[in-house]
Amino acid sequence: MKTIGIVGLGVMGASFAMRCKQLGYIVYGIDIDHETIEYALDHDMIDEGDTKGDGSLWKCDMVLLALYPTQLKSWIEQNQKELKPGTLLLEISGVKSNISKELQNILRPDLELLSIHPMCGRESRGIRFADPKIFENANFIIIPLEKNSTKAVVAISAFAKELGCKNIGVLSIEEHDRMIGFLSQLTHVIAVSLMNTHENAHLVEYTGDSFRDLTRIAKINEDMWSELFVLNKEILLDEIDQFMASIQNFRTLLQNEDIDGMKKEFIQSTDRRKKFDQ
């Protein structure tokens, strides 16, 4: 499976394209923006490219769909006729519950679609921010359904290792979306809320690493993330409620000048954070 088509040459799709080119894949790029295709060709990110894919999709063994979640269904409905039998499709959307099963149901029986989630996204958008190094030592999650074959899961596990990913895990849809609700979506909500707490431009000259690190992901793609939040609404609301309860607990400790209580919170957070340094 050394011929791959990549649909959507934003920061993630183009990063995949660059890495696959480094690994010796034949890479076909598909994007609705002609200038994006020209940029990818000029920078040797892809071997061939076009805005529709009707001239290249049939050549691909694998097709990676790097699209917004709400675009996936219509793309498959309109383009799966162009795919040769046995093609493996990969979708990388950040939420699976309201997407994966529906896509499986409209897919031709001689095709296979596997949901994956490389945990190496970037806050910037667009092909100019693509970087093949983002996969190095990244975590990579595979989210199979009943219709997925063991052969496909094994093949994509090997593909993830080839990309340079370190930890490759397999989760159910429910496990994935609960995990992503906490590790990714809640952290974006916190960063956005922190930046919007005050008008803070006058603090630029005084900020330090703690503020910059905590708010890096507040530079957010409003179109994509609003989709992801709504698709994972119930889980994210629960995570927000739990975070608000934790904030309220800390506020009470501070209000009461409960030094011992605050120290316990600091010790627990330090112990838990150490596990992520490994």
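Helices (H or I, at least four residues) and strands (E, at least two) are DSSP runs, numbered from the N terminus. The model is predicted, so local features need pLDDT of at least 70 and side-chain atom pairs count only at pLDDT 80 or more, whereas totals for chains, interfaces and linings use all residues. Residue numbers start from 1 along each chain as its sequence is written, and side-chain values use heavy atoms, with hydrogens and water left out.

**Figure 1. Ser115 in strand β6.**
Strand β6 covers residues 112-119, and Ser115 is one of them. Ser115 counts as buried because its relative accessibility is 2% (buried is under 20% relative accessible area, exposed over 50%, partly exposed in between, with a 1.4 Å probe and protein chains only). The side chain of Ser115 makes a polar contact of 2.9 Å with the side chain of Ser100. A polar contact is a pair of N or O atoms within 3.5 Å; within protein, one must be able to donate a hydrogen and the other to accept it, and residues adjacent in sequence count only if both atoms are side-chain atoms. Apart from residues up to four places away in sequence, Ser115 touches Glu91, Lys96, Ser100, Ile141, Ile142 and Ile143 (contact means heavy atoms within 4.5 Å).

**Figure 2. Lys101 in helix α4.**
Helix α4 spans residues 100-106 and contains Lys101. With a relative accessible area of 45%, Lys101 is partly exposed. Outside four places in sequence, the contacts of Lys101 are Leu145, Ile173 and Glu174. Between Lys101 and Ile143, which are 42 residues apart along the chain, the C-alpha separation is 11 Å.

Two side-chain partners are shown. When neighbours within four places in sequence are set aside, His176 is in contact with Gly94, Val95, Lys96, His117, Ile141, Ile143 and Leu171.

**Figure 3. The crossing of helices α6 and α9.**
Two packed helices are described by the angle between their axes and the distance between the axes. Helix α6 (residues 173-195) and helix α9 (residues 233-255) have axes that come within 9 Å and cross at roughly 60°. Helix α6 is therefore oblique to α9 (angles under 35 degrees count as roughly parallel, over 145 as roughly antiparallel, 65 to 115 as roughly perpendicular and the rest as oblique). Axes are lines fitted to C-alpha atoms, for helices over the stretch in contact, and angles run from 0 to 180 degrees between N-to-C directions. On the α6 side, the contact residues are Asp177, Arg178, Gly181, Phe182, Gln185, Leu186, Val189 and Ile190. They meet Ile235, Leu236, Asp238, Glu239, Ile240, Gln242 and Phe243 of α9. By type, the residues of this contact are 8 nonpolar, 3 polar and 4 charged (Ala, Val, Leu, Ile, Met, Phe, Trp, Tyr, Cys and Pro count as nonpolar, Asp, Glu, Lys and Arg as charged, and the others, Gly among them, as polar).

**Figure 4. Asp238 and Arg178 between α9 and α6.**
Asp238 belongs to helix α9 and counts as partly exposed at 30% relative accessibility. The side chains of Asp238 and Arg178 are joined by a polar contact of 3.0 Å. In sequence Asp238 and Arg178 are 60 residues apart; in space their C-alpha atoms are 9.7 Å apart.

**Figure 5. The crossing of helices α1 and α5.**
The axes of α1 (residues 11-22) and α5 (residues 150-163) come within 10 Å, crossing at roughly 85°. This angle makes α1 roughly perpendicular to α5. Phe16, Arg19 and Cys20 of α1 make the contact with Phe159, Glu162 and Leu163 of α5. The residues of this contact divide into 4 nonpolar, no polar and 2 charged.

**Figure 6. Asp44 and Asn137, two loop residues with positive phi.**
Asp44 is in the loop between α2 (34-42) and β3 (48-50). Its phi is near 55°, a positive value in a residue other than glycine. Asp44 is exposed, with a relative accessible area of 52%. Asn137 sits in the loop between β6 and β7 (139-143). Phi of Asn137 is positive, about 65°, although Asn137 is not a glycine. At 58% relative accessibility, Asn137 is counted as exposed.
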